[in-house]
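Have the model open next to you while you read.

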Amino acid sequence: MQPPYQPLRENISSYLNSLLLRHQGSERHYQDFAAACSELPKAVDFFQELAAYRRKLANELSTYLSENNLGSHTLSRQSRTYLAGQSSQMGKAMETTNLPQLSSLTYENENALIHYFTEVMGKEGLPEDIEKLFAKQLEKVREMVIKADRFQRVN
């Protein structure tokens with residue numbers, strides 16, 4: 001009997017690094033959103049909260065990568081955030097402090113992360129510790145999608 005499929009170490013490292021880069025990219029975008037909304041204290045608080053949550057998730061992944069001697073990878077299309085593909089809309093929304101547009105972009109960005117998690121967690125043979133780490137992060141992302149949805153609805 002053949003052992004169950006185990007993803008190559010490089011693939012696991014790639015998944016983790018792509019996720020790490022998505023968290024780091026989103027953190028930067030949310031900090032930019034907060035700066036663009038400096039006249040709107042509730043918006044600043046919301047975007048700073050998002051940046052902090054993404055920083056926390058990135059730190060968890062960075063620690064895991066370091067503790068397990070999994071190398072880093074360069075930025076790839078897979079590791080780009082939804083927001084990275086929306087730079088024109090994002091720039092216009094920040095320039096004009098278009099809070100409804102920034103809220104919508106935020107919601108879509110967080111939803112895109114759920115889709116990425118779902119895709120990766122569907123891979124056969126992921127080690128149990130990575131499945132647990134992803135499940136924990138996915139739970140937090142889902143909480144933030146709900147917050148982003150609420151924020152979008154009131155702005």
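Buried is used here for residues under 20% relative accessible area, exposed for those over 50%, and partly exposed for anything in between, using a 1.4 Å probe and protein chains only. Keep in mind that this is a predicted model, where local features need pLDDT of at least 70, side-chain atom pairs count only at pLDDT 80 or more, and totals for chains, interfaces and linings use all residues. Residues are numbered from 1 along each chain as its sequence is written, and side-chain values use heavy atoms, with hydrogens and water left out.

**The fold**

The protein has 5 helices and 0 strands, giving the pattern α-α-α-α-α along the sequence. Helices (H or I, at least four residues) and strands (E, at least two) are DSSP runs, numbered from the N terminus. Of the 155 residues, 42% are buried. The accessible surface comes to about 8800 Å², with 49% of it belonging to carbon and sulfur atoms; such areas come from the Shrake-Rupley method with a 1.4 Å probe, and for residues only the protein chains shown count as cover.

A contact means heavy atoms within 4.5 Å. Among contacts with a separation of 6 or more, 82% join residues 24 or more positions apart.

Two of the helices can be checked against their expected span, which is 1.5 Å times one less than the number of residues:

| Helix | Residues | Number of residues | Span, first to last C-alpha | Expected span |
|---|---|---|---|---|
| Helix 2 | 41-67 | 27 residues | 39 Å | 39 Å |
| Helix 4 | 99-121 | 23 residues | 33 Å | 33 Å |

**Around the helix ends**

T97 sits in the loop between helix 3 (87-95) and helix 4, and is partly exposed, at 31% relative accessible area. N98 caps the N-terminal end of helix 4, placing a side-chain oxygen 3.0 Å from the backbone nitrogen of Q101.

**Two buried residues**

Now for E60, which is part of helix 2. Is E60 buried or exposed? E60 counts as buried, because its relative accessible area is 17%. Leaving out residues up to four places away in sequence, E60 touches L133, K136 and Q137.

V145 belongs to helix 5 (residues 128-154) and is also buried, with a relative accessible area of 9%. With residues up to four places away in sequence left out, V145 touches Y107, E110, N111 and I114. The C-alpha atoms of V145 and E108 are 8.7 Å apart, although 37 residues separate them along the chain.

**The space inside**

Rolling a probe the size of a water molecule over the atoms shows where empty space is left. On a 1 Å grid over the protein atoms alone, a cavity is a set of points where a 1.4 Å probe fits but cannot get out, and its lining residues have an atom within 4 Å of a point. Grid points are joined across faces, edges and corners, and a volume is the space filled by probe spheres set on the points.

How many cavities of 30 Å³ or more are there? The count is 1, and the largest cavity has a volume of about 40 Å³. Its lining consists of R22, S26, R54, T81, Y82, N109, A112 and L113. Helix 1 (9-36) and helix 4 each supply at least two lining residues, and helix 4 gives the most, with 3 residues.

Definitions and conventions
A polar contact is a pair of N or O atoms within 3.5 Å; within protein, one must be able to donate a hydrogen and the other to accept it, and residues adjacent in sequence count only if both atoms are side-chain atoms. On a 1 Å grid over the protein atoms alone, a cavity is a set of points where a 1.4 Å probe fits but cannot get out, and a pocket is an open set with protein on both sides within 12 Å along at least five of seven lines; lining residues have an atom within 4 Å of a point.
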